Amino acid sequence: MRKTYLSIGIISVLGMMSCQETNNQETKVTDSNTPLHLLAPEYTTPYKEWTAEEIKQHLDRIFVYLDKETPTRVLDTVSGKEITDYTQLNEHAQLEKGDFRLASYEWGVTYTGMLEAAEATADSKYREYVAKRFDFLSEAAPHFLRLHKEHNVVDRQMKQVILPGSLDDAGAMCAAMVKFSHTASGVDYKELINNYMDFIENKEHRLADGTFARMRPQANSLWLDDMYMGIPALAQMGSYTGEQRYFDEAVRQVKQFTQRMFVPENGLYMHGWIESADSHPAFHWARANGWALLTLTEVLDVLPENHPERADILDIYKAHVKGITSYQSGTGFWHQLLDRSDSYLETSATAIYVYCIARGINKGWLDVISYGPVAQLGWSAVSTKINENGQVEGTCVGTGMAFDPAYYYHRPVNAYAAHGYGPALLAGAEMITLIKKSYPKMNDSAIQYYKTDPKTDAAIFGVDGQTY
């Protein structure tokens, strides 16, 4: 009996194996029965055609989070009550704390991102966000200045506004206020703008030739970050006042930073330069290169077309874009140290590059065929770091200057690093404009950008819409 059962079991197993082999033969994918080039790759980030509505959903999530976490109230820290009459401020008055400060350089970028989002989406809530906070800061500032004079105390956030002590305090906020002032009505931000500009022009430390510099970590250090912390504000003041000298100074600063810190062989800037050093180890920190590229982009935005050195700035911009593009990873992100693929993938720099490249295409400085897919892949990467709560993840925290790789490799990332939010808003807004102005289309499984509508949904097509 046992032999009978054993025989039946063997026959049953063999039968199942036979069926499996038959099924495998029937479902086996081969070159002869399947167009293998159309198989879906296993991408780690989305590789797709984006719509403006999809991108706006990401921007809206960021907005909801930031609107909640950047309140505009003054509190008495002893009683816990709100102070609405600013003439009654006392030495215990402080701005209510959310997750982020209202007057940091990171938030200068964020205000600009909100303005660009408002323009790209035609949704007024983004602009209203800026108006509410600028109006609040403008109204409260003189009263906090009085408090400082009378009691020698001042809220940390307001101190950055009324008593800026570095380019970090002044430049990005000044530039954002100038941009907003072009179309704002009802509130005059001139006093705050002039206060910021006074620091930039007259109080910031400089090298002998006038280049913005710091006295840390070494004497007469150039930080690539300071291109953004000071130069766009100068260029914006040119557009604000009509005075040529601001444009000329912005161009001079760009060229002096570039002369010392740009590495032509790879199209990247080094992060730090020390006046007394014999050599300068080139650590190409991603976000600092982002600040440099954003500076070039913002200067080109407002530098008059007939400025005698505009072509020089455009050449620097194009060389930098070419260099940065060559280091984009297959995920769409760029690495923390751009030329070191074993360093981590970083969100804020990726978002800045997306914005600057998309902006260049939209302004006609770059070719859409070559650079449209670069920007789109970068946006796809950034989109994966905007979580359901509207937080931007994967952003490197604030970073000083170093001359060894370990420092950069091990900088923490944090969703509360304010550096990620403005760039993400900028990137999404400019991508909306880009896909509205051009025609991204999947062709032979690759994103291609077209200047005219191909008018086909074929998997593979030629420029005439035909399949070849």
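A: A residue is called buried when its relative accessible area is under 20%, exposed when that value is over 50%, and partly exposed in between, judged with a 1.4 Å probe and the protein chains only. By that rule, buried residues make up 54% of the 468 residues in the protein. The model is a predicted one, in which local features need pLDDT of at least 70 and side-chain atom pairs count only at pLDDT 80 or more, while totals for chains, interfaces and linings use all residues. Residues are numbered from 1 along each chain as its sequence is written, and side-chain values use heavy atoms, with hydrogens and water left out.

The protein has 15 helices and 10 strands, where helices (H or I, at least four residues) and strands (E, at least two) are DSSP runs numbered from the N terminus. Along the principal axes, its C-alpha atoms fill a box of roughly 105 × 60 × 50 Å. Taking a contact to mean heavy atoms within 4.5 Å, residues 24 or more positions apart account for 68% of the contacts with a separation of 6 or more.

Now the pocket itself. A pocket here is an open set of points on a 1 Å grid over the protein atoms alone, where a 1.4 Å probe fits and protein lies on both sides within 12 Å along at least five of seven lines; its lining residues have an atom within 4 Å of a point. The largest pocket has a volume of about 300 Å³, a volume being the space filled by probe spheres set on the points, which are joined across faces, edges and corners. Its lining consists of 15 residues, and those nearest the centre are Glu116, Glu119, Lys179, Gln236 and Arg359. Two or more lining residues come from each of helix H3 (105-121), helix H10 (286-302) and helix H12 (347-363), and H3 gives the largest share, with four residues.

Alanine 375 belongs to helix H13 (residues 368-383), and counts as buried because its relative accessible area is 1%. Leaving out residues up to four places away in sequence, alanine 375 touches Val354, Ile357, Ala358, Met431 and Leu434.

Threonine 395 sits in the loop between H13 and helix H14 (405-409), and it is buried, with a relative accessible area of 0%. Beyond its neighbours within four places in sequence, threonine 395 is in contact with a set of residues that includes Arg287, Glu346, Thr347, Ser348 and His419.

Some backbone details complete the picture. Arginine 216 and proline 217 are joined by a cis peptide bond, with omega about 0°, and proline 217 lies in the loop between helix H7 (190-202) and strand S3 (221-223). Aspartate 444, in the loop between strand S9 (439-443) and strand S10 (446-450), has a positive phi near 55° although it is a residue other than glycine, and at 39% relative accessibility it counts as partly exposed. Serine 445 lies in the loop between S9 and S10 and is not a glycine, yet its phi is positive, at about 70°; with 26% relative accessibility, serine 445 counts as partly exposed.
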